[in-house]
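Biologist: Hi! Could you walk me through this protein? I'm new to reading structures.

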Amino acid sequence: MGSRWFLAVLFLLSLRPQLGASYLRARKNYIVHLDPRGSPVDSVEEWHRSFLPQAAPLDSEDDEGAGAGDDGPRIIYSYSDVFTGFAARLTDEEADALRGTEGCLRLYLETFLPLATTRSPGFLGLRLGNEGFWSRSGFGRGVVIGILDTGILPSHPSFGDDGIDPPPRTWKGACEFKAVAGGGCNNKIIGARAFGSAAVNSSAPPVDDAGHGTHTASTAAGSFVENANVRGNADGTASGMAPHAHLAVYKVCSRSRCSIMDIIAGLDAAVKDGVDVLSFSIGASSGTQFNYDPIAIAAFKAMERGIVVSCAAGNAGPEPGSVGNGAPWMLTVAAGTIDRAIRTTVKLGGGEEFDGESLFQPGNNSAATPLPLVYPGADGSETSRDCSVLRGSEVAGKVVLCESRGLNGRIEAGQTVAAYDAGTKIAAYVNSTASPTASIAFKGTVMGASPAPAVTFFSSRGPSRASPGILKPDITGPGMNILAAWAPSESHTEFSDGGVGLSFFVESGTSMSTPHLSGIAALLKGLHPDWSPAAIKSAIMTTSDAVDRTGVPLKDEQYRHATFYAMGAGYVNPDLAVDPGLVYDIHADDYLPYLCGLGIGDDGATEIAHRPVTCASLKATTEAGPQLPPNSVYTAVVDMPGDVSVTVRPPMLRFTELNEKQSFTVTVRWAGQPNLAGAEGNLKWVSEDHIVRSPIVVPAKAA
């Protein structure tokens, strides 16, 4: 298993006990999932209220809101578009009574999900110029991207509306900014709303008080801003992927968490408002059955309305099976690197040097001369390995090697992130040397870093536990050290002054790669407004790169060949996605045979589809449709290891009409003795002008 290694110079360490308390409340928040077959044609709100049980008595000692002022169970949200049901506050007794009510499928107790650029547009081939794809796409003009996150800082220059068209006539959204100095809604930000516990600022609820939402929104659709940098690092002109697209902001998260009730309410509002793309940089469970996953259910309805739903794969890598947001109607985005590094170099006492990265680039480098090097993890303790528990007397004034199993937050002061291979070698040096030493040199921004792109260590891996037969993640985009707009938030410990005055900041995560793909989807939607979400997803996946900028297969954090479970189809290539040749185009009804094949039965498929489904009457179909002029011929080319036999029937597809659809079958067998490690390869449909590539994965045999 891979890990992230980092080194830190520690001169003062203070450990303080964390005190906390939990209070049992008699009423709790639930999402109530109702049978869609019982939905009335009149008032949805009245139908929802009819399910509320009679108020149960409350013990005033157990609930702060109890007593004479308590008004019984109440509805918090009445969902109408993406989910059949409502959110309500109920006692345990009331919840039990509701579970036994005819038409109630199940209750979900409120849970909270975690929050899961100057160089990246150019690295992706998006450059200014009359002949470039970016200009030809109109920069996403007229497309609305919905951002579900921590809000937005409307006064930031990334959200200026110079040259931006007015909102589309079909737009139905609302703006809830109130008394925001220097900002509010305009032709760039055309909608802003806050929901539930995320609405912590009563004077301006959608305003970002964490920075995360501003960062993701500007990555997707920020306007051009020159001289963007973080204290001189990563300097350049910042812009989003679709700089002329509109933004609709739904604040469903506070600084550290996102309520599932608020998320569904935000999705419900976004669909009603009329967004074209939804950007969802929020983590989700990796194994929940889809008909028990409110987000997957809501995303299905959004897809059915023609909305592309772009979601974070998660930051739990490199653990296999950790990918979240894995429903096939979602675009699930992994995180990769770009060719820019904010470079540091670690030099060991034995002379070996290893490059790493750190936003901390001090002018006065106290680690330039060799210091004692220690590895607390040598004692085998997990808390020692990740440096979550340290003794000041043992680490003060030393370079400390730590190991991290995931992306647990921003890099703290003095930390240098090193590659897995480098960390392993540094640990070996510590363990084999009586008095190990190390120095750290800070070198600032370096362009042309290699290998690039590569899959990051933290990006969650497939296979999907909910549906192992569907390859997840779908695609990889830039997600490591991404510079984008920032809002004032908690103190930045990377800087001695707490980061005062920062208007841009560098962040890493699938939270960052997701809005890249959201913006690219908006560009494609602007060029091809009649394309379905599946067509856009297909175009992005089948034209992606499986090799880096030197032509070598993409690598993972250990510099090994990245598997499809790590990178999805590959690293996004927007310039090719605009003209993919063929697309795999399916619509909501085409997913129904797949849902029935999951073994969830008529009831499970009905819960997801929001309408009655009879599995016995369905027949699976797989179709490919052209987006080229007629008279195009495509030949199947298979790239697989020799011990795997792949047969494609028919081996050639000939299209004579625009938007004609044709079917084919792929049969995969072991040609000899099965390989316990599995196998990977590609099916390519090749024409005179296009290569349409799809991954083939034979999973490893379970031990």
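Biologist: In what sense do strands S23 and S24 pair?

Modeller: Strand S23 (residues 482-485) and S24 pair in the antiparallel sense, over four bridges. Strands are DSSP runs of E with at least two residues, helices are runs of H or I with at least four, and both are numbered from the N terminus. Two strands pair if DSSP finds at least two bridges between them.

Biologist: Is this a predicted model, and what should I know about it, or which cut-offs apply?

Modeller: This is a predicted model, where local features need pLDDT of at least 70 and side-chain atom pairs count only at pLDDT 80 or more, while totals for chains, interfaces and linings use all residues. Residues are numbered from 1 along each chain as its sequence is written, and side-chain values use heavy atoms, leaving out hydrogens and water.

Biologist: Back to S24, which residue there does isoleucine 482 stand opposite?

Modeller: Isoleucine 482 stands opposite glutamate 507. In S24 (residues 504-507), Glu507 and Phe505 point one way, Phe504 and Val506 the other, and all are buried. Buried means under 20% relative accessible area, exposed over 50%, and partly exposed in between (1.4 Å probe, protein chains only).

Biologist: New topic: where are the buried residues of helix H10?

Modeller: Ala422, Gly423, Ile426, Ala427, Tyr429 and Val430 are buried in H10. Seen down the axis, the buried residues fall within an arc of 155° (taken from the directions from the helix axis to the C-beta atoms), so they line one face of H10.

Biologist: And what does the face turned away carry?

Modeller: That face of H10 carries the exposed residues Asn431 and Ser432.
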